[in-house]
Amino acid sequence: QVQLVESGGGLVQAGGSLRLTCSVSGSIFNINAMGWYRQAPGKERELVAAISSGDGSTYYANSVKGRFTISRDNVKNTLHLQMNSLKSEDTAMYHCAARDNLYNDEYDYWGQGTQVTVSS
């Protein structure tokens, strides 16, 4: 089992920045990928960014490319999402997710989420 706890959300003005942190604990050695999802009211859940545990390759949704950066700290067992140039459409609940299965792209573990609200 893997436990994920997010922090760092809050209220920020458009154009501002926030840094989200996901603290990871439990059976972390089998994790092969981690990501950040977001979901706004009335909208589908969206994969915002992901990072592979193997080669560190990253994925970004087109809507956040050039503004968001995903990174990991293997010493502190944390995952981060640096969000710059925030827009009102970035307002959502942001969830950290981890995958340890080798059969599909579905994430197996989820955090409770941290709210990000961007005021225009």
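Predicted model: local features only at pLDDT ≥ 70, side-chain atom pairs only at ≥ 80, totals over all residues.
The C-alpha trace spans about 40 × 30 × 25 Å along its principal axes.

What about inside and outside? Of the 120 residues in the chain, 42% are buried. The chain exposes about 6,600 Å², and 47% of that comes from carbon and sulfur atoms. As for charge, there are 10 positive and 11 negative side chains, and the centres of the two sets sit 7 Å apart.

The start of the chain gives a handy example of a contact across the sequence. Val2 belongs to strand β1, which covers residues 2-7. With a relative accessible area of 7%, Val2 falls under the 20% cut-off and is therefore buried. Leaving out residues up to four places away in sequence, Val2 touches Val24, Ser25, Ser27, Ile31 and Tyr109. Take Ser27 from that list: Val2 and Ser27 are 25 residues apart in sequence, yet their C-alpha atoms are 5.4 Å apart in space.

Next come the aromatic rings. A pair of aromatic rings is described by the distance of the centres and the angle of the planes. A search of the whole structure turns up three aromatic pairs. In one of them, the rings of Tyr37 and Tyr107 have centres 5.6 Å apart and planes at 85°; that angle is over 60 degrees, so the pair counts as edge-to-face. Tyr37 lies in strand β4 (residues 33-39), while Tyr107 lies in the loop between β9 (92-99) and β10 (109-110), so this pair ties together parts that are 70 residues apart in sequence. Both Tyr37 and Tyr107 are buried.

Tyr37 also pairs with Trp110, this time in a tilted arrangement, with 4.8 Å from centre to centre and 55° between the planes. Because Tyr37 is in strand β4 and Trp110 in strand β10, the pair ties together parts that are 73 residues apart in sequence. How do the two partners compare in cover? Tyr37 has a relative accessible area of 13%, so it is buried, whereas Trp110, at 31%, is partly exposed. Put together, Tyr37, Tyr107 and Trp110 make up one aromatic cluster.

Finally, a couple of loop residues have a backbone angle worth a look. Most residues other than glycine have a negative phi. Asn77, however, has a positive phi, near 55°. Asn77 sits in the loop between β7 (68-73) and β8 (78-83), and with a relative accessible area of 29% it is partly exposed. Ser85 also has a positive phi, near 50°. Ser85 is found in the loop between β8 and β9, and its relative accessible area of 41% makes it partly exposed.

Definitions and conventions:
Residues numbered from 1 in each chain as written. Heavy atoms only, no water. Buried < 20%, exposed > 50% of the residue type's maximum accessible area, 1.4 Å probe, protein only. Areas by Shrake-Rupley, 256 points an atom, 1.4 Å probe, with all protein chains shown as cover. Lys, Arg positive; Asp, Glu negative; His and termini not counted. Charge placed at Lys NZ, Arg CZ, Asp CG, Glu CD. Phe/Tyr/Trp six-rings, centres within 6.5 Å; stacked < 30°, edge-to-face > 60°. Helix = DSSP H or I, 4+ residues; strand = E, 2+ residues; numbered from the N terminus. Contact = heavy atoms within 4.5 Å.
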